[in-house]
Amino acid sequence: MALSGLDIFKMLPKTNCGECKLPTCLAFAMKLAGGQAKLDDCPYVSDEAREALAEASAPPIRGVTVGTGDKEFLTGEELVLFRHEKRFVNPAAIGVMLSDAMPDDEIEAKVQEAGKDSWERIGQQLEVKLLAVKCESGDAGKFKDVLAKVKGASDLAMMPMTEDPAVMSAALEVVGDDNPLLYCATEANLDEMGALAKEKGLPLVLKGTDIHTLAALSEKAMEMDLADLVLDPGTRNLKDTLESLIGIRRGALNSKFKPFGFPSIALPCEETDDLFFEGALASIYIAKYAGIVVTSSPEPWLQYPLQVEIQNIYTDPQKPMAVDSEFYEIGSPGPDSPVLVTTNFSLTYFIVSGEIEASKVDAWLGIVDSEGQSVLTAWAAGKFVPDIIAKFINTSGIADKVEHRKLIIPGYVAQISGELDEELPDWEVLIGPREAADLSTYLRQYVSAS
Amino acid sequence: MMAFEMPKETTDSRIREVTLGTTDVKVGGENVMPFCLFEGEMPNRPLIAVEVYDDNPQEWSPVVAQPLADVLADPVAWARKAQDEWGADIIALRLRSTDPKGDDNSPEEAAQTVKAVAEAVDIPVIVYGPEDVDKDGDVLKAAAIAAEGKNVVLGPAMEDNYKTIGAAALGYKQTVAAKTPIDVNLAKQLNILLSNLGVDTGKIIVDPTTGALGYGLEYTYSVMERLKLAALQQDDTMTQMPLMADVGVESWKAKEAKFPAADEPAWGDENKRGVMWEIITATTLLVAGADIVIMRHPDAIKTVREVIDNLMG
């Protein structure tokens, strides 16, 4: 059971030493209860209290790490059912499915393509994170060969898939040191598969046949002291999988049902052969709580949209996404190209840059640091005002890149143009359109007039 | 052994059931969060409205223009094809030819198209103006007259023109789509204003403004979830209107949906990428609470229909 702030306070030293960076022990206790502080931040907590509190303050959904080094990822640790309540924490990890029954060149091509599935967007690196390798041959030797080949060609985290503990044991001779996610323990093999995971200290997927058998399986696994678990309800159709994923998350958060206090995995690749439909399933499982989603194809037309969805859904609703403050080249601008400024709210940037691109007019787009706020909000908050814009223009080096001195500002802040003229005596301030949708017409007129 | 019992959220509150058209097509009526059929019911499945334009769109990506090539210039043929071949539940007719920034056609001309389309299909029709605050009033009034007796959905009614559009809907017994900029309170406020004007709360659909995948999807997602939660868990009667997501038009604005692979090889095949962009925008908003999704590409429509079929099971 979760403890209240007051329950926790009773177990703290009550010295108000401030070393946790909070003024009082009570404030620290409240933060702990809200999941916004870690017990380790208090250097003086007693061992006794530590044990009691660790149990109570453990996140309702455990974090599980898969892989090693730069390519390891963490899944789980989620705290809410709806992202607006706080935020979703560890972005869903996308996997790509391979099999030891595939021809060598297909495996090679897929591994290579999955490795290239990496895109920078708004300062974040979006990428495929997991290679699932299924033993369909039933031949441990063949499986080991394929795992060795995949491991040699990629440093992505791996998920060897077999329900035969002997085959899994053989697989671990190849990938056992790479912290792979073992797939999977079932009711039939839990004792052996669980022992294998425990011996090597590896994360393990539990696969039920529905949410109820999964609950029973997880309870048994917990009795074996297995901790790094990932839950697969074993359902293989949209309706049942969605219901199970919701049930697991609600079970962990609303019912404090311990056997569901682990991240979940969905395998849309096993639910259909149609890639559009598979993408649709994956998109629903991303939004509705799956920590890991395994797809059948590394093709970027499928993976990139899914990655953008993950970025959207896992954005912190309290912190708008911001792009870096600098001048961006839209198209191939030269010394005569128009110069525009706007704010660094990522949506503002995307929409404005998109409309400039669509106009086919090459332009310099200056992004002023407005703490991630849109034009009107930033203006109202004093973040997109003449002195800040002038400072940005003067330090940006744009004056060396263009021969003219015309600066286009968003129509919504037309009222600052006079003051901005004074701050930037060398520049002529022009008032652009209010709506980005009208930029295209505006820029074409600008170009034909000059 | 602890047996697991599914935690259920039940409520006496419901989303209002709104009748569209004249052939007993209904939307809304659910007493559960999207697709949580283990704890309640969605008596009406979410509906797919298919976009039809009246101005022969020229600027579209070939990925989406090509499959529509034979009907782009003919809204009536387009609407029939959407109904007969793609299984549209609703036609979303956009009177973009009236846009003062474009062709600036007269409301009367556009009204002819409304009448022709509404008579050519058996399914309900949504009529959207050019989204110009002033022109929309005139255009939608003409549309309301032309479609009298058809119970079409007129929109978007916005803060600055809801009186004109609301009055047209009242006068000619049509339904209203109320549009506000991605904000729970503004959405609620506009519903209150419309109902103060006399519009029946059972004849309002809420369009909370759609951000496509990569372009604010998360904002629309959370606004829809919050509107649904307020409707069902707090019994807030002014948020109990069915929700509509404008998926097609927003998805196909994204450069990621339309840039050719030749320009952006890292994004892959644009023929499939653009369709996927529209599918994900639709599916994500369906699980957030959209009761109607307005869509464009036939392949995206097909896949989203399959998703709804499977979820309603």
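**Entry 1**

I began at Thr342(A), which stands opposite Ile367(A) in β15(A). I note that the model is predicted, that local features need pLDDT of at least 70 and side-chain atom pairs count only at pLDDT 80 or more, while totals for chains, interfaces and linings use all residues. I also record that residues are numbered from 1 along each chain as its sequence is written, that chains are lettered from A and ligands numbered from 1 in the order written, and that side-chain values use heavy atoms, with hydrogens and water left out.

I looked up the two strands concerned: β14 (residues 339–343) and β15 (residues 363–368) of chain A run parallel and are joined by five bridges. Strands here are DSSP runs of E with at least two residues, helices are runs of H or I with at least four, and both are numbered from the N terminus. Two strands pair if DSSP finds at least two bridges between them.

**Entry 2: the sheet around that pair**

I traced the order β13-β15-β14-β16-β17 in chain A, an open sheet of five strands with mixed pairing. At its edges I found β13 (327–330) and β17 (428–431) of chain A, each of which pairs on one side only. Neighbouring strands of this sheet are turned by 30° against each other on average, direction ignored.

I then looked for helices on this sheet. Helix α14 (residues 386–396) of chain A lies across β13, β14, β15 and β16 (406–409) of chain A and runs at about 125° to β15(A). Helix α17 (residues 439–449) of chain A touches β14, β16 and β17 of chain A, and its direction makes about 165° with that of β16(A). Contact means heavy atoms within 4.5 Å. Angles run from 0 to 180 degrees between N-to-C directions, with axes fitted to C-alpha atoms, for helices over the stretch in contact.

**Entry 3: chain A as a whole**

I counted 17 helices and 17 strands in chain A. Its C-alpha trace spans about 75 × 65 × 35 Å along the principal axes. Of the 450 residues in chain A, 55% are buried, where buried means under 20% relative accessible area, exposed over 50% and partly exposed in between (1.4 Å probe, protein chains only). Among contacts in chain A between residues at least 6 apart in sequence, 65% join residues at least 24 apart.

**Entry 4: helices α5 and α6 of chain A**

I examined α5 (residues 140–153) and α6 (residues 165–175) of chain A, whose axes come within 9 Å and cross at roughly 30°. That makes α5(A) roughly parallel to α6(A); angles under 35 degrees count as roughly parallel, over 145 as roughly antiparallel, 65 to 115 as roughly perpendicular and the rest as oblique. The crossing of α5(A) past α6(A) is right-handed, a term for the near helix being turned clockwise from the far one by less than a right angle, left-handed being anticlockwise.

The residues that meet include Phe143(A) and Leu147(A) in α5(A), and Val167(A) and Val174(A) in α6(A). By class, I find nine nonpolar, no polar and three charged residues in this contact. Ala, Val, Leu, Ile, Met, Phe, Trp, Tyr, Cys and Pro count as nonpolar, Asp, Glu, Lys and Arg as charged, and the others, Gly among them, as polar.

**Entry 5: the sheet of chain B**

I turned to chain B, where eight strands form an open sheet in the order β8-β7-β6-β5-β4-β3-β10-β9, with parallel pairing. β8 (204–207) and β9 (244–246) of chain B stand at the edges with a single partner strand each, so one side of each lacks a neighbour in the sheet. The twist averages 25° from one strand to the next.

In β10(B) I noted that Ile294(B) is the bridge partner of Ala49(B) and also of Asp246(B). Strand β3 (residues 47–53) of chain B pairs with β10(B) in the parallel sense over four bridges, and three bridges join β9(B) to β10(B), also parallel. From β10 (residues 292–295) of chain B, Ile292(B) and Ile294(B) point one way and Val293(B) and Met295(B) the other, and all are buried.

**Entry 6: a helix pair between the chains**

α11(A) passes α10(B) in a right-handed crossing. Among the residues that meet are Trp301(A) and Tyr304(A) in α11(A), and Met276(B) and Trp277(B) in α10(B). This contact has ten nonpolar, one polar and three charged residues.
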